[in-house]
Amino acid sequence: MKFEKKTDRDRQEYVVGLFCNTYNCKPKDLGEFSEIDYLLYKDSKPYFYLEIKGVKKKPMTNTGQVKVSLRKLVALQEKYVKTKIPTIICWAFTDGIAWQRVDELTGLVGWGGRKARTGSTYDEELMFTMNISKCKKYEYVNNEIS
């Protein structure tokens with residue numbers, strides 16, 4: 001079951017636009033049920049994969065760490081190993097974004113997640129946690145997105 005809302009999708013599209021403007025590339029949305037959100041192209045060649053994780057109602061400036069499911073990281077790792085195309089994970093906060101290449105992640109693994117929701121299988125699972133200081137960051141200007 002997907003729990004993504006239109007506001008989540010709007011934020012995701014905004015963030016991919018930031019990457020495309022910064023790196024002068026074009027996005028290909030890999031589909032609603034793909035394990036990775038986008039493949040970005042530069043000069044008509046694959047440039048990097050991009051996975052965007054929404055961090056709702058939380059500012060980047062007050063966050064000491066970023067989290068993602070280990071299951072998601074395994075899927076991203078598999079894509080990178082098989083294709084050798086750089087693979088980036090990005091956390092979209094209310095006031096900015098933080099990102100890092102999958103092959104440059106360092107952190108801790110432990111059990112975690114969120115309060116279980118009806119219809120969800122993986123609300124509680126193994127999670128990867130990394131200090132946000134190890135990420136590249138961009139703070140939104142003048143409340144670009146909320």
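Trainee: Let's begin with Tyr 23: how does its accessibility count?
Mentor: At 26% relative accessibility, Tyr 23 counts as partly exposed. The cut-offs are under 20% relative accessible area for buried, over 50% for exposed and partly exposed in between, with a 1.4 Å probe and protein chains only. Keep in mind that this is a predicted model, where local features need pLDDT of at least 70, side-chain atom pairs count only at pLDDT 80 or more, and totals for chains, interfaces and linings use all residues. Residues are numbered from 1 along each chain as its sequence is written, and side-chain values use heavy atoms, with hydrogens and water left out.

Trainee: Okay, and where do Phe 19 and Tyr 23 lie?
Mentor: Both are in helix 1, residues 6–23, and they sit four residues apart, about one turn of the helix. Helices here are DSSP runs of H or I with at least four residues, strands are E runs of at least two, and the numbering goes from the N terminus. Phe 19 is buried, with a relative accessible area of 2%.

Trainee: How many aromatic pairs does the structure hold?
Mentor: Eight. The rings of Phe 19 and Tyr 23 make a stacked pair, because their centres are 6.2 Å apart and their planes are at 20 degrees. For the cut-offs, rings of Phe, Tyr and Trp (its six-membered ring) pair if their centres lie within 6.5 Å; planes under 30 degrees apart are stacked, over 60 edge-to-face, and the rest tilted.

Trainee: And what about the rings of Phe 19 and Phe 48?
Mentor: That pair is edge-to-face, because the centres are 6.0 Å apart and the planes are at 70 degrees. Phe 19 lies in helix 1 and Phe 48 in strand 3 (residues 45–54), so the pair ties together parts that are 29 residues apart in sequence. Both Phe 19 and Phe 48 are buried. One aromatic cluster takes in Phe 19, Tyr 23, Tyr 47, Phe 48 and Trp 99.

Trainee: Which residue lies over the face of Tyr 80?
Mentor: Lys 84, at 5.9 Å from the ring centre. The rule is that NZ of Lys or CZ of Arg is within 6 Å of the ring centre and within 35 degrees of the ring normal.

Trainee: Which residues touch the most other members in the largest nonpolar core?
Mentor: Of its 20 residues, those are Val 66, Leu 73, Ile 89, Trp 91, Phe 93 and Leu 105. Strand 4, helix 2 (70–83), strand 5 (87–92) and strand 8 (124–131) are the elements that give two or more residues to this core. Apart from it lies another core of 17 residues, among them Val 16, Ile 88, Cys 90 and Ala 92. A nonpolar core means a set of buried Ala, Val, Leu, Ile, Met, Phe, Trp, Tyr and Cys residues joined through side-chain atoms within 4.5 Å.

Trainee: What does Trp 91 touch?
Mentor: Not counting residues up to four places away in sequence, its contacts include Lys 53, Val 66, Ile 97 and Cys 135. Contact means heavy atoms within 4.5 Å.

Trainee: Now Ser 69: is that one buried or exposed?
Mentor: Ser 69 is buried, with a relative accessible area of 10%. It's found in strand 4, residues 65–69. Its side chain reaches the backbone nitrogen of Lys 72 at 3.0 Å. Leaving out residues up to four places away in sequence, Ser 69 touches Glu 125, Leu 126 and Met 127.

Trainee: And where is the place of Met 127?
Mentor: Met 127 is in strand 8, buried with a relative accessible area of 15%.

Trainee: Last one: where does Pro 59 lie?
Mentor: In the loop between strand 3 and strand 4. Pro 59 is partly exposed, at 26% relative accessible area. Beyond four places in sequence, Pro 59 touches Phe 93, Thr 94 and Asp 95.

How values were computed. Polar contact = N/O pair within 3.5 Å; in protein donor to acceptor, adjacent residues only side chain to side chain.
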